[in-house]
Amino acid sequence: MSSASGGLSFDRPRLWMPVGMVIFLLGLVLTFQRFYFGLGAVTNLTDRQPWGLWVGFDVLCGVALAAGGFVLTGIVHLLNFERYKSVLRPTVLSAFLGYILVSVGLLYDLGKPWNIWHAMIMWNPHSVMFEVAWCVMLYSTVLALEFSPIVLEKLGQDKALRVMRAFTLPLVIAGILLSTLHQSSLGTVFLIVPGKLHPFWYTNLLPIHFFLSAVSVGFAMVILESFVSGWLFRKSLETRVIADLGQFMVVALMLYLIVRLQDLNFKVGLLNIFDGSIESWFLVSELSLFLLPLLLVFLFRNRMKAGVLAISAASTMGAVVLNRLNVGIVGMARSGGFSYFPSWREFALSLFLVTGGVTVFILCVKYLPIFPESGQEAISEKVE
Amino acid sequence: METLGMLIDFTECIGCGECVKACQQFNSLPPNPDPEHLSDRNYTVVLRYEEQYYRKLCMHCQDPTCASVCPVGAFTKTEQGRVLYNADKCMGCRYCMMACPFGVPRYQWSKAIPVIKKCVFCIHEVNGGKETACSWVCPMGATRLGRRHHLLDIAWSRIRRHPDRYVPYVYGENDAGGTSVLLLSGVPFEQLGYRMDLPQGPMPQLTWQVLSKIPSIVLTGGVLLGGLSWIINRRIQIETGDLKENELAGDKEKEVGDE
Ligand code: SF4
Ligand code: SF4
Ligand code: SF4
């Protein structure tokens, strides 16, 4: 089994070691500051804008970017598209790690993180946050269970493995439902702030926008992960199979943009988004990133090259990240009197978390059967 | 409605700041370097707009947004009408600060163990009646405590008697679904930073509309997904010839109908 690490090329990760160490040490110091001196010591948050980078990036983006998990498990196990199976494990792993990062990020952001378990016993079903908390908790469990066969396989626990496999389908369905709920609910969170969130983003369709964009970025993440693992570990899907995924992504994107642009046109008028305000710049950049993949796919529809696919997927990822930051930070800035811009410490701690996640991912790839044994050839065989 | 309320008539306020001082004292708040802004050491402020003074404090909403958004139910609306916060439950997510339509709750940013701070509608039994610290000390009676519906009557009769003195609006009668604190002013409320664009019904409805649909989404979604995978798996079995011919005929029709 450990031969899974055979194809790893560790020269590339090694280059990053010194950088990683600096980020890591800095992260530890800042972590101490955060918990010893309080949020004010490391963040620029104010009473007027109490949510910042950690909610906007660590939580909102983190959850959105981990959407690859439910999207791909759905396609493979529910719709039975076997040919994507080889990226299933890395995707589930990165989704699982993504949710762990979100939870850790939340521990940094919460004022009293040691009370986080209160959400389990002090119910307030009227609170969106309460619902999100439960869904994230349950879905992380689902991901852990979906991931468990990989560990069991490594440990050679065949009996347990068979038991877990029997539960695959119910788990996948539970995962899709839970994801649908909390991906959209992160949009619902902002329904309570009419007049505070800029009208460019505030709409009662926020939950639907959040869900559809999460599905789009789910596909984008699978594509990107495939490229990155190809670059890092020399294992990836065939370009043709990735192009298939790209089509799914484009369809999801089109659906999203139809709903979004119609809604935007109805609420503020499409021409009014070019009003030259700060919000306008952010909105137009965001929409351009959403539109770029469609343009590329239209231009290159007959010859989908790997490069085009990678750029489309990266653009989608950038668009969703910007969208979440716009809703969480930029759109709230005016009502908060423009009192907040993230401190370098907030950036550094976010980077620290991401670095931690990437490190664990690399370790998992090294010690667990994440990628199919014989790499590229095995995948190609399956496809043909 | 038998809940208590406070009526603050800005036109009667002389800006003496006695209420701010009394609030500090009665609620044992630490000395406050910045009396102009609400903060974790300051539950109320007296500000000036042109010729008129006005106050800010928690409005003690009838259907409080802060209470509805808090994932652990740290806020409660008491029978008397006060909106109170329980620091032992709070986990510090600050959603209440985001959501409060009046921008009231304040946070202890520089504490390792922070809590949310805001006006507590500090009812004291004095002189055989009920008073809050601020209503009790006000030399002009600009802030007064009473039954909410009674205060509403007073407010409207004042507006009717002196239409030249007031803008014809009792702030808090219906704003954000109504508040226990009611305001009268001589200048338009927007000028004082009081939002006039708030929903006239309870704010928690905004999210409840969506949240209340969840059980049916889960049920429908579960059945749909389960059915979908059942159909697809069946198809694959058919394709790979696992099913017998005669079963197949019946199944085909059903699937066409499902599509
Ligand atoms: S004004 Fe804000 S803090 Fe006060 S009760 Fe209403 S929602 Fe809660
Ligand atoms: S900060 Fe505390 S009181 Fe406010 S919503 Fe979060 S848990 Fe509730
Ligand atoms: S009711 Fe009490 S706590 Fe609230 S502002 Fe007045 S004095 Fe302060």
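The legends below describe several close-up views of a predicted model.

Residues are numbered from 1 along each chain as its sequence is written, and chains are lettered from A and ligands numbered from 1 in the order in which they are written. Local features need pLDDT of at least 70 and side-chain atom pairs count only at pLDDT 80 or more, whereas totals for chains, interfaces and linings use all residues; side-chain values use heavy atoms, with hydrogens and water left out.

**View 1. The interface of chain B and chain A.** Contact, meaning heavy atoms within 4.5 Å, involves 51 residues of chain B and 50 residues of chain A. The two chains bury about 4,400 Å² between them, 66% of it on carbon and sulfur atoms, where buried area is the accessible area (1.4 Å probe) that two parts lose on being put together, summed over both. Within chain B, the residues that lose the most area to chain A are B:Met91, B:Met98 and B:Trp109, together 19% of what that side buries.

View 2. On the side of chain B that touches chain A, α7(B) supplies the largest share, twelve residues; helices (H or I, at least four residues) and strands (E, at least two) are DSSP runs, numbered from the N terminus. Two salt bridges are counted between chain B and chain A, each being a side-chain nitrogen of Lys or Arg within 4 Å of a carboxyl oxygen of Asp or Glu. A:Asp47 pairs in this way with B:Arg106, their closest N and O atoms being 3.6 Å apart.

View 3. A residue is near a molecule if one of its heavy atoms lies within 4 Å of it. Around ligand 1 there are 13 residues, the closest being B:Cys58, B:Met59, B:Cys61, B:Cys66 and B:Cys100. That shell has ten nonpolar, two polar and one charged residues, with Ala, Val, Leu, Ile, Met, Phe, Trp, Tyr, Cys and Pro counted as nonpolar, Asp, Glu, Lys and Arg as charged, and the others, Gly among them, as polar. Ligand 3 has 14 residues around it, of which B:Cys23, B:Asn27, B:Cys119, B:Cys122 and B:Cys134 come nearest, and its shell divides into ten nonpolar, three polar and one charged.

View 4. B:Thr143 is found in strand β10 (residues 143–147) of chain B and is buried at 4% relative accessibility, since buried means under 20% relative accessible area, exposed over 50% and partly exposed in between (1.4 Å probe, protein chains only). The side chain of B:Thr143 makes a polar contact of 3.0 Å with the side chain of B:Arg55. Leaving aside residues up to four places away in sequence, B:Thr143 also touches others, including B:Met6, B:Cys134 and B:Cys138.

**View 5. Two loop residues with positive phi.** Most residues other than glycine have a negative phi. B:Ser28, however, has a positive phi of about 45°; B:Ser28 lies in the loop between α1 (18–26) and β2 (45–49) of chain B and is exposed at 63% relative accessibility. B:Phe121 has a phi near 55°, sits in the loop between β7 (116–117) and β8 (123–126) of chain B, and is buried, with a relative accessible area of 1%.

Notes: Polar contact = N/O pair within 3.5 Å; in protein donor to acceptor, adjacent residues only side chain to side chain.
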